[in-house]
Amino acid sequence: MADLHLPGTLTPLFPGLPRRLDIEAATVGGAIEELERRWPGLFDRLCEPGPSLRTHIHVYVDRERASLATPLEARSRVDVIAAISGG
Amino acid sequence: MPKTLLLVGTRKGAFLLESDADRRDWNLRGPYCEAWQVYHAVHDAVTGAIYAAAASEWHGSAVWRSNDLGETWTHSSEGISYGEDSERKISKASTLAARNGRVLVGVEAPGIFESKDGGETFSLLTTLAGQPGSEAWDDPANQPPGHLGISAIAFDKENDSRFWAIVQGVGLFETTDDATSWTPRNRGLRADWPRPHEEVGFCVHKVVRSDDKRLYQQNHVGMHRSDDDGHTWTEITEGLPTEFGFAAAAHPHDRDTFYVVPLAPLHGRTMPDGKATVWQTKDAGSSWKPLRKGLPQEGAHLGVLREAMAIDTYDVPGLYFGTSTGQLFASNDEGGSWSAIASYLPPISSVEVAILD
């Protein structure tokens with residue numbers, strides 16, 4: 001189970017979505033697809049067509065910058081960050 | 001007694017203001033839509049739903065909806081995409097039109113999506129492909145900052161298969177067969193720049209319908225009127241302080257009365273001389289009169305964007321406009337006098353009004 005942490009801008013959009021949850025997935029993309037299965041529409045909020053991560057959505061796996069293809073280990077920590085931008 | 005509802009789209013969410021039919025005292029609620037930038041918020045008179053076209057810098061574009069006048073909201077972007085393999089990307093949901101439960105969403109890159117299930121899912125209706133020069137619409141060199149793509153959609157009053165769409169910086173188009181085919185409606189408009197195609201290349205900011213045959217238009221270069229359903233246009237700028245502006249509103253009961261907010265051209269785009277003024281014609285553009293009573297007349301360098309003015313349909317209509325610095329002004333006497341009903345909102349993108357029985 002990966003230890004997934006989500007940004008505070010995301011959770012108000014989907015009732016019941018917690019800031020932190022355990023998730024079983026082989027890659028970052030797989031983790032987001034699992035979130036989509038549980039909270040339909042969530043994939044669009046993190047990813048663009050392609051698919052790829054949205055420009056200002058950054059993902060780190062065990063503190064290393066990651067992409068959708070980045071593999072997850074059983075005890076990986078995954079941080080999804082809404083990058084600081086705008087005003 | 002009917003209730004008057006103002007829907008205000010801002011850079012930081014949607015706001016709602018409620019009043020009674022007197023339209024003197026207003027109750028402000030919001031922000032809604034998780035403070036996403038709301039480009040346009042509208043009300044469907046038949047279903048009672050509110051829709052808001054919005055985009056988040058982090059989470060992309062979506063259409064928010066509320067079926068209980070703003071008490072609860074949800075959002076969807078399901079189907080608002082040109083596809084996984086397309087080079088066309090959607091930067092924002094720019095504009096909305098809602099009619100009888102059907103929702104049309106104009107987006108950038110230019111295209112219109114529709115929902116037939118109350119905003120839960122969407123499908124691509126048209127990209128207006130095949131119009132002159134449309135192959136270059138996505139070229140960043142042809143797009144000004146903040147490009148809206150489809151900047152407005154307006155239904156015909158009677159026929160739901162007929163509507164107009166503005167492609168920003170390109171022109172006005174009409175469909176009479178539910179977007180199967182489109183016709184440019186720009187003849188007679190002025191353009192002070194070279195155009196490779198005769199029928200397009202015009203900077204149409206706002207088009208409002210007056211009656212069955214008449215349309216008014218605020219253009220980048222001049223005010224215009226059409227008395228033949230947009231087939232031809234005549235310039236009616238003379239008498240206005242500038243030819244530039246965005247917002248416009250047509251009187252619901254008098255086809256000759258029309259309102260506009262002229263702005264300084266070029267990059268300033270604020271009210272001339274710092275005097276907040278709405279201009280009114282009561283003779284279809286032959287003459288213009290400034291409406292200033294109650295509006296700030298000193299140091300008021302206010303901008304008003306293309307969807308940020310609205311008029312209601314009471315016997316004595318009320319007018320409303322919001323500024324790009326967050327002031328919201330209202331008149332309950334056809335523009336004769338004004339008051340600020342909100343002064344510290346985020347920058348305002350759109351103002352719409354609905355009368356709820």
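This is a predicted model: local features need pLDDT of at least 70, side-chain atom pairs count only at pLDDT 80 or more; totals for chains, interfaces and linings use all residues.

User: Which strands of chain B stand at the edges of the open sheet of 4 strands?
Analyst: Strands of a sheet pair through backbone hydrogen bonds, either parallel or antiparallel. Strands here are DSSP runs of E with at least two residues, numbered from the N terminus, and two of them pair if DSSP finds at least two bridges between them. The order in this open sheet is S4-S5-S6-S7 (chain B), with antiparallel pairing. S4 (37-43) and S7 (74-76) of chain B are at the edges; each has a single partner strand, so one side of each is left without a neighbour in the sheet. S4(B) is joined to S5 (residues 50-56) of chain B by 6 bridges, and Val38(B) is opposite Ala54(B) in S5(B).

User: Which way do the residues of strand S22 of chain B point?
Analyst: In a regular strand the side chains alternate between the two faces of the sheet. In S22 (residues 278-281) of chain B, Val278(B) and Gln280(B) point one way, Trp279(B) and Thr281(B) the other way, and all are buried (20 or more other C-beta atoms within 10 Å of their own, C-beta atoms being placed from the backbone). Trp279(B) is the bridge partner of Val260(B), while Gln280(B) is opposite Lys289(B) in S23(B).

User: How many residues of chain A are in contact with chain B?
Analyst: Contact requires C-beta atoms, placed from the backbone, within 7 Å. By that rule, 17 residues of chain A touch 14 residues of chain B.

Definitions and conventions: Residues are numbered from 1 along each chain as its sequence is written. Chains are lettered from A and ligands numbered from 1 in the order in which they are written. Two residues are in contact if their C-beta atoms, placed from the backbone, lie within 7 Å. A residue is buried if 20 or more other C-beta atoms lie within 10 Å of its own, exposed if 12 or fewer, and partly exposed in between; C-beta atoms are placed from the backbone.
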